[in-house]
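Trainee: Could you walk me through this one? I'd like to know what stands behind the terms.

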Amino acid sequence: MMHQSLRFIKTALLITATAGFSPSLITSSRCSSSGHSMTKSFHQASSSPHHNHHYPELCVFDLDACFWDQEMYTLSKIPDETNVVKGDLIGRGQGVVGVMSGRSRISLHKGSLVALQAHLDGEFGGMRVCFASSADTPLAEKIGRAALKLLEIVPGTTVWDLVVGRDWNGVDINQIGRQPPLSSNKSATHFPILREKTQIRYDRMLFFDDCQWGDHCGQVERACKETDSGRGPVTVRTPYGLRVEEWNEGLAKYAKRVHE
Ligand SMILES: *[C@@H]1O[C@H](CO)[C@@H](O)[C@H](O)[C@H]1NC(C)=O
């Protein structure tokens with residue numbers, strides 16, 4: 001209990017210090033899917049009328065073996081807040097750096113944490129983030145969403161708080177799974193659904209995928225194109241997981257495309 005209240009105070013200080021939120025919103029800051037009041041204020045705090053065209057409008061991450069280091073289908077327990085592992089969030093303080101599902105630990109790859117910390121700081125203009133994962137089973141989907149709601153970017157702010165709460169005003173637009181209407185082919189289902197839901201053009205997207213089980217990057221590049229430009233998302237393969245170099249490579253590849 002003591003620990004929890006300390007954490008609340010820390011979160012409150014962090015949030016009020018960074019964005020001047022009203023204290024009445026703090027009570028909902030730890031929730032994930034039900035944090036509407038917080039997510040709304042996140043959205044207002046972050047909305048920017050100018051989009052910098054050097055950055056993608058939508059950055060899409062695959063989850064397993066890309067954004068994080070595990071494959072969800074190998075896990076069997078849905079993690080909760082008793083399963084978190086605390087550690088250094090690369091210079092931003094102590095927070096949730098790992099989540100245990102049974103005896104396996106789920107952690108973000110370093111490039112993912114670097115990317116989302118900078119995104120939280122507003123370094124990429126109006127860019128928003130979401131996930132496209134072909135998680136094998138309904139249980140794998142649940143474990144994945146639970147981990148997103150526990151793993152932190154900075155102390156007190158989870159991946160979910162940022163990527164669902166702030167970026168999409170609390171709406172879960174992530175495409176996670178392969179049960180209908182999804183399939184194992186992201187270019188046939190995940191990306192067309194994201195295009196429809198976000199109204200963001202394919203050629204304004206950047207996509208990272210490990211491509212170990214199938215060439216999702218190549219498939220998305222080939223099948224998901226805008227008719228006027230003939231172009232699809234800029235894609236980057238992450239066979240070693242998303243390291244800082246692949247993250248930087250993605251940003252550079254996207255910026256270069258803008259100038260072509
Ligand atoms: C995936 O879907 C795309 C778009 O419908 C299609 O062109 C492609 O052949 C499919 N790939 C596989 C491996 O099924």
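Trainee: What makes the shell around the ligand, by class, nonpolar, polar or charged?

Mentor: First, this is a predicted model, where local features need pLDDT of at least 70, side-chain atom pairs count only at pLDDT 80 or more, and totals for chains, interfaces and linings use all residues. Residues are numbered from 1 along each chain as its sequence is written. Around the ligand sit N185, S187, A188, Q219 and A223, where "near" means a C-beta atom, placed from the backbone, within 6 Å of the molecule. Ala, Val, Leu, Ile, Met, Phe, Trp, Tyr, Cys and Pro count as nonpolar, Asp, Glu, Lys and Arg as charged, and the others, Gly among them, as polar. That gives two nonpolar, three polar and no charged residues.

Trainee: Why do β2 and β4 count as standing at the edges?

Mentor: The open sheet has three strands in the order β2-β3-β4, with antiparallel pairing. Strands are DSSP runs (E, at least two residues), numbered from the N terminus, and two of them pair if DSSP finds at least two bridges between them. β2 (84–88) and β4 (104–106) each have a single partner strand, so one side of each is left without a neighbour in the sheet.

Trainee: How many bridges join β2 to β3?

Mentor: Five bridges join β2 to β3 (residues 94–101), and the two run antiparallel. Pairing takes at least two, so β2 and β3 do count as paired. V85 stands opposite G98 in β3.

Trainee: What share of the protein's residues count as buried?

Mentor: Of its 260 residues, 43%; buried takes 20 or more other C-beta atoms within 10 Å of the residue's own, with C-beta atoms placed from the backbone.

Key:
A residue is buried if 20 or more other C-beta atoms lie within 10 Å of its own, exposed if 12 or fewer, and partly exposed in between; C-beta atoms are placed from the backbone. Helices (H or I, at least four residues) and strands (E, at least two) are DSSP runs, numbered from the N terminus.
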